[in-house]
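Subject: Structure handover

Hi,

Here is the structure I promised. Please open it next to this message. My notes on it follow.

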Amino acid sequence: MSEIHLTGRHDDGDIELNTSSNPTFGSILEERQSRRGVMGGMASVAALFGLAGCDIGDTPTTDSTVSAGASGATTSGKTVTLTGSSTGATGVLWTQVSGPTVVLTNANSTTATFTAPSVAAATALVFAFNSSGANSVVSIAQTTVTVSPAALGFNAVAKNLLDVVTVPAGYSVSVLYRLGDPINAATPAYANNGTDTNFGARAGDHHDGMSFFGLGATTGLRDDNGSARGLLAMNHENITAAYLHPNGPTSVGGIRPEAEAIKEIEAHGVAVIEVLKGTSGWNYVQNSTFNRRITPNTPMDIRGPARGDAQLRTAFSPTGVAGRGTVNNCANGYTPWGSYLTCEENWAGYFRRSSTDNAARTAREVVALNRYGVSQGASGANNWASVVPTVPGSTVFAKWNASVMGSDATTDFRNEPNQYGWVVEIDPYDAASTPRKRTALGRMGHEGAWPSNFVAGRRPVFYMGDDSRGEYFYKFVSATPWVAADAQNADRLSVGDKYLDNGTLYVARYDATGNGVWLPLVFGQGAVTAANPAYAFASQADVLINARLAADAVGATKMDRPEWAAVNPATGEVYLTLTNTNAASRPLTATDAANPRHYNDPKGSANQFGNPNGHIIRLRETGDNPEATTFRWDIYAFGAGADLNATNINLSGLDATNDFSSPDGLWFGRSQNASGLVNPLLWIQTDDGAYTDVTNCMMLVAQPGNVGDGGARTITNTDATGATRTQSTFVGKAPGMQLRRFLVGPKECELTGIDSTPDGKTIFVNIQHPGENGSATTPSSFWPASQTGGTGSRPRSATIVITKDDGGVVGL
């Protein structure tokens with residue numbers, strides 16, 4: 001910032017060094033502008049030149065001339081530069097005359113900048129450029145900047161198969177936090193050759209869902225508006241085992257080495273890391289006291305209606321009130337009281353069950369285990385249950401064997417699978433706190449838990465997908481109305497007890513009329529009783545532990561892999577990605593209005609029937625109240641290649657700038673900046689296998705309109721035999737230029753996890769499993785080393801930072 005030089009005065013901070021009675025620039029300007037107000041308000045630039053010095057009351061003597069530059073136009077969120085010029089000036093100052101208040105940077109120089117505010121209609125902002133001459137006479141010129149509503153502000157990125165992250169012109173990308181990066185001072189740098197250990201103090205693998213929690217730049221305390229320092233809480237969903245060991249995973253006689261298994265287990269879970277913006281960009285703070293890893297071995301509290309239920313009792317917790325760890329953490333959520341919600345997705349595949357285990361179970365247990373995919377004879381992903389521990393009596397590996405081994409549930413881990421599939425609440429600001437599993441939100445393949453827009457006096461609501469083919473979309477309505485003061489309660493997990501441990505779990509039914517119903521999963525209501533023929537429910541705890549069975553019982557709508565949801569901060573409408581499905585799960589005869597397509601998208605010589613490209617559905621709660629039990633819905637966008645049939649497949653009219661497949665991650669811009677106001681930006685991330693012969697996975701940005709902005713449509717589906725069947729549905733308005741590709745990732749990656757700083761000027765994005773099909777000796781990607789031209793390095797999942805080169809709000 002340039003310094004103001006005034007005749008006879010020097011101002012150094014808050015200390016006045018000149019004690020004479022001569023007027024200051026500020027006082028002259030204040031008096032000058034006050035008189036202008038008396039004289040009838042805003043004058044033209046020409047008139048202002050003529051009035052220079054009149055505020056003193058003498059005959060004007062102009063010893064400087066000024067120009068504020070030409071008037072201009074922009075859109076919300078963009079960086080605006082005001083350029084003035086003066087001759088003979090000893091001091092200059094930009095001030096705002098009218099319009100929504102903005103923060104001027106470098107206001108005491110000829111060039112000042114500001115971020116265009118959010119507006120719903122074209123709005124004029126008037127600025128004055130003030131120049132003081134040698135005799136303290138002030139000359140003023142004005143300029144007007146007309147701000148229009150936010151619009152996408154970049155050119156679409158082309159589809160590609162490169163091994164780098166590609167972003168639009170005018171944007172920069174850097175790598176922040178990679179697999180294996182140490183999170184304390186004592187842990188050495190990552191060698192990335194398979195020899196590294198102690199992943200409990202390193203970044204885990206498969207970075208996924210993520211939230212940013214602000215810190216005061218100097219205080220280090222929670223600051224919800226902090227945009228230069230904060231905490232990233234993120235999931236580490238899974239592992240690419242080929243790159244974690246010198247030559248990939250090994251076993252001897254079917255028994256995994258303990259050291260390899262420990263590394264793999266610790267690479268799962270959650271991380272909390274401090275990040276800081278410096279003069280050269282963003283970095284993570286390796287030795288921060290906030291840094292923390294939460295792994296499948298971390299102690300957990302079990303809260304809510306299922307706490308202490310017999311189905312949660314294990315040898316580790318005979319009372320069923322505690323557990324160890326969280327695993328396969330996919331998407332996420334957050335709370336307005338400052339906690340992080342991590343969600344356990346495909347946890348079932350980690351468990352072993354013997355080939356004769358059903359005989360030792362009750363019929364109800366077998367039904368429940370099968371419904372959740374913990375199948376008899378399963379060996380368990382990574383075969384951790386086979387490890388022989390070096391510490392006598394350790395059950396760290398035995399817990400992955402869900403077979404009946406002892407006399408009752410307190411002597412083995414037959415119930416260990418029931419300890420997973422929950423939403424887990426974490427306090428990111430307290431590294432010593434114990435995470436809490438919130439059983440009131442139900443047990444499933446939790447994809448995430450996204451809050452509704454909170455309103456004082458209205459009960460909080462969280463929306464949740466269950467990521468598997470043919471599963472359901474849920475919401476949890478708290479029993480307790482929201483008290484706004486709780487947002488700043490320092491005992492965050494106790495606030496979670498208040499709102500997350502009691503309430504009603506609902507599941508969605510999408511009707512062919514375009515209406516929908518939220519069906520309560522409450523013991524004793526409807527088919528959720530002990531008389532249910534498929535599964536005899538015993539209690540509300542039983543309903544929540546077996547939420548999928550309860551949803552089956554009430555007749556919810558089976559969806560094409562319901563994954564991430566996002567709530568529009570301006571309207572409250574809820575968007576849900578339905579990533580894809582195959583012909584077996586969605587045959588020609590089983591399409592419905594909410595899952596309407598069965599078609600083929602050939603990939604090379606292979607056919608892909610079903611719904612290989614997925615779609616995004618949305619709903620509007622009745623009365624715009626998330627507590628409502630009914631809603632309207634339509635389909636915002638259908639994934640498809642631009643070359644597919646426009647009448648029956650590419651129903652959203654996608655072209656080369658915005659065609660996509662397999663939508664997964666979903667996120668709206670924050671309401672603290674222009675990207676989340678009026679017509680918020682919707683960010684869409686893909687996890688694709690169907691279109692990867694054409695392009696790597698991608699991230700798009702949209703301004704999506706509203707439910708009902710399109711209309712009814714009937715399409716004709718065709719299966720592998722050539723048989724056809726018509727299906728009616730509801731299609732939103734074609735996105736057109738309001739949907740645009742923003743980023744393409746490196747080879748074989750998934751785009752997943754996104755958040756921004758509150759000011760919207762930095763976004764954090766996760767790149768998961770680049771080069772997932774390679775091996776230790778022949779990696780199929782070199783990212784992130786390839787981002788700066790490197791080769792020969794094993795690929796690593798990582799968090800990236802994206803900023804706009806002019807400092808504006810990303811995406812606008």
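Helix α3 (residues 258–266) is mostly covered, with seven of its nine residues buried. Buried means under 20% relative accessible area, exposed over 50%, and partly exposed in between, with a 1.4 Å probe and protein chains only. Helices (H or I, at least four residues) and strands (E, at least two) are DSSP runs numbered from the N terminus. The buried residues of α3 are Glu 258, Glu 260, Ala 261, Lys 263, Glu 264, Ile 265 and Glu 266. They pack against β16 (292–294); contact means heavy atoms within 4.5 Å.

Two points on the model. It is predicted, so local features need pLDDT of at least 70 and side-chain atom pairs count only at pLDDT 80 or more, while totals for chains, interfaces and linings use all residues. Residues are numbered from 1 along each chain as its sequence is written, and side-chain values use heavy atoms, leaving out hydrogens and water.

Helix α5 (residues 492–500) comes next. Its buried residues are Arg 492, Leu 493, Val 495, Gly 496, Tyr 499 and Leu 500. Seen down the axis of α5, they fall within an arc of 150°, so they line one face of the helix. The arc is that of the directions from the helix axis to the C-beta atoms. An α-helix has 3.6 residues a turn, so residues three or four places apart point the same way. The cover over the buried residues of α5 includes β20 (340–344), β21, β22 (436–438), β24 (461–465) and β26 (473–478).

Now a sheet. Four strands form an open, antiparallel sheet in the order β11-β45-β44-β43. Two strands pair if DSSP finds at least two bridges between them. β11 (171–178) and β43 (750–756) stand at the edges with a single partner strand each, so one side of each has no neighbour in the sheet. β11 and β45 (residues 798–804) run antiparallel and are joined by seven bridges. Tyr 171 has Lys 804 in β45 as its bridge partner.

Glu 416 is buried, at 2% relative accessible area. It touches Thr 314, Arg 324, Phe 351 and Lys 399, not counting residues up to four places away in sequence. Glu 416 and Arg 313 are 103 residues apart in sequence, yet 8.0 Å apart in space, C-alpha to C-alpha.

Then the aromatics. The whole structure holds 38 aromatic pairs. Rings of Phe, Tyr and Trp (its six-membered ring) pair if their centres lie within 6.5 Å; planes under 30 degrees apart are stacked, over 60 edge-to-face, and the rest tilted. Trp 94 and Phe 129 form a tilted pair, 4.8 Å centre to centre with 40° between the planes. Trp 94 lies in β7 (residues 91–98) and Phe 129 in β9 (residues 123–132), so the pair ties together parts 35 residues apart in sequence. Trp 94 is buried at 2% relative accessibility, and Phe 129 is buried at 0%.

Tyr 510 and Phe 631 have ring centres 5.3 Å apart and planes at 70°, so this pair is edge-to-face. Tyr 510 is in β27 (residues 503–510) and Phe 631 in β36 (residues 630–638), 121 residues apart. Both belong to one aromatic cluster, along with Tyr 463, Phe 473, Trp 518, Trp 633 and Phe 730.

Best wishes
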